[in-house]
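Hi everyone, thanks for making time this morning. I'd like to walk you through one model, so let's bring it up on the screen.

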Amino acid sequence: MLSPSGDIAIQQRDLIYISVALMLIVIIPVMILTVVFAWRYRASNKDATYSPEWDHSTKIELVVWSIPLLIIIALGAITWVSTHKLDPYRPLDRIAADRPVPADAQPLVVEVVALDWKWLFLYPEYGIATVNELAAPVDRPITFHMTSSSVMNSFYIPALAGQVYTMAGMQTKLHAVINEPGTYKGFSANYSGAGFSGMHFQFHGMDDAGFGQWVERVRQSSDELSRTTYLQLEAPSEREPVRYYGSVANGLYDAILNRCVEPNRMCMRDIMTIDKQGGLGLPGTINLAKLDAATRARLGLESVRERIYVSAICTVNDPAFTSLDTMNASL
């Protein structure tokens, strides 16, 4: 954290240094004066002034109140500016202290899903995905779109930027850049259950050629991250090895975000649209569906917790789910 390799993390480290330095303006004199007073007014010092009736000094009051007040004002101003300047939702305006973002620079978009207990990274620009491994080219802005499959989690790469929370059914964002090649540690910074301690991944900062080779290596994988594969991957597991997926189902991240990976499940955006227009009323309480036992067995989802959900009006055309059995699926 104190030796970062990304511009955002460097600015955050500098804030720590500045804050500590400002607070030391009070802490150091207090520590020194504690020793001085203890020595000067010790019982054996008969030369110290004895003033039992003393109770006020305007000069001391000014020092005691004005210095902390000035420090608070300084910290408040720094916090106000940096809160807006380093807002994780704010696109980058520079890639380093002396280098603005090039006018033609296109950010690398990475879609992040916090699973139990592993990390899934999707690269929509390249149509690939990885588990527990992340890579990005040096000096290229990165835009992270993040969500969670279940409980709240926290995405954190200390060398790159500060932590940002991920939540199911919600999307958070982070804009960052890595400025030095290397392999950096990433992990979950929010306790999320039994496998939390093993929820780590490696982040590789590479030059353009190295990143291109990494993308091609992932593309060579014959594994496809389909909706079925995702439902299998979503099942809780600990200390998962790195996995590569050479192709990704269209719209998978949007389905994960909207809680509708199952093709007969209504997406949150559709539910909210219906609610905005007045809701389904009583019929909505019986418009339920689930994956039948035969489909769960065929897709290898026996160990995945069975879920009953609001049935979709229109279903996704996915041959893997052709034998779905719904309960009261009609509106």
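Let me begin with a question: is α4 mostly covered or mostly uncovered? It is mostly covered, with 7 of its 8 residues buried. Buried here means under 20% relative accessible area, while exposed means over 50% and partly exposed is in between, using a 1.4 Å probe and protein chains only. Helices (H or I, at least four residues) and strands (E, at least two) are DSSP runs, numbered from the N terminus.

A quick word on what you are looking at. This is a predicted model, in which local features need pLDDT of at least 70 and side-chain atom pairs count only at pLDDT 80 or more, while totals for chains, interfaces and linings use all residues. Residues are numbered from 1 along each chain as its sequence is written, and side-chain values use heavy atoms, with hydrogens and water left out.

Back to α4. Its buried residues are R227, T228, T229, Y230, L231, L233 and E234. The elements that cover them include the strands β3 (108-115), β4 (118-123), β5 (128-131), β13 (224-225) and β14 (243-245), along with the helix α5 (252-257).

Why does E234 count as buried? Because its relative accessibility is 11%. Setting aside neighbours within four places in sequence, E234 is in contact (heavy atoms within 4.5 Å) with L115, D116, S149 and R307.

Now compare E224, over in strand β13. E224 is partly exposed, because its relative accessible area is 41%. Not counting residues up to four places away in sequence, E224 touches T229, Y245 and S247. Of these, Y245 is 21 residues from E224 in sequence, and their C-alpha atoms are 5.3 Å apart.

Let's turn to the nonpolar cores. By a nonpolar core I mean a set of buried Ala, Val, Leu, Ile, Met, Phe, Trp, Tyr and Cys residues joined through side-chain atoms within 4.5 Å. The largest has 40 residues, and those with the most contacts inside it are Y123, L134, F144, F155, F203 and W214. Take L134: beyond its neighbours within four places in sequence, it is in contact with V110, F121, Y123, F144, F155, I157, F201, Q202, F203 and H204. Another core lies apart from that one, with 27 residues, among them L120, L233, L291 and L299.

You'll find L291 in the loop between β16 (288-289) and α7 (293-298). It is buried, because its relative accessible area is 7%. L291 and L301 are 10 residues apart along the chain, with 9.6 Å between their C-alpha atoms.

On a 1 Å grid over the protein atoms alone, a cavity is a set of points where a 1.4 Å probe fits but cannot get out, and a pocket is an open set with protein on both sides within 12 Å along at least five of seven lines; lining residues have an atom within 4 Å of a point. Grid points are joined across faces, edges and corners, and a volume is the space filled by probe spheres set on the points.

And the pockets? The largest has a volume of about 470 Å³. Of the 15 residues lining it, L33, F37, I60, V63 and V64 are the closest to its centre. The elements giving two or more residues to this lining are α1 (7-40) and α2 (58-85), and α1 gives the most, with 7 residues.

On to the record. UniProt, in an unreviewed entry, places "transmembrane region" at residues 15-41 and 62-81; its positions are given in the numbering used here, feature names are shortened, and annotations may be inferred rather than shown by experiment. In the model, residues 15-41 are 96% helix and 0% strand, with their end C-alpha atoms 39 Å apart. Residues 62-81 are 100% helix and 0% strand, with 28 Å between the end C-alpha atoms.

Last stop: how many disulfides does the structure hold? The count is 1, where a disulfide is a pair of cysteine sulfur atoms within 2.5 Å. C260 and C267 form it, with their sulfur atoms 2.0 Å apart. The link is right-handed, with 80° about the S-S bond, and both cysteines are buried.
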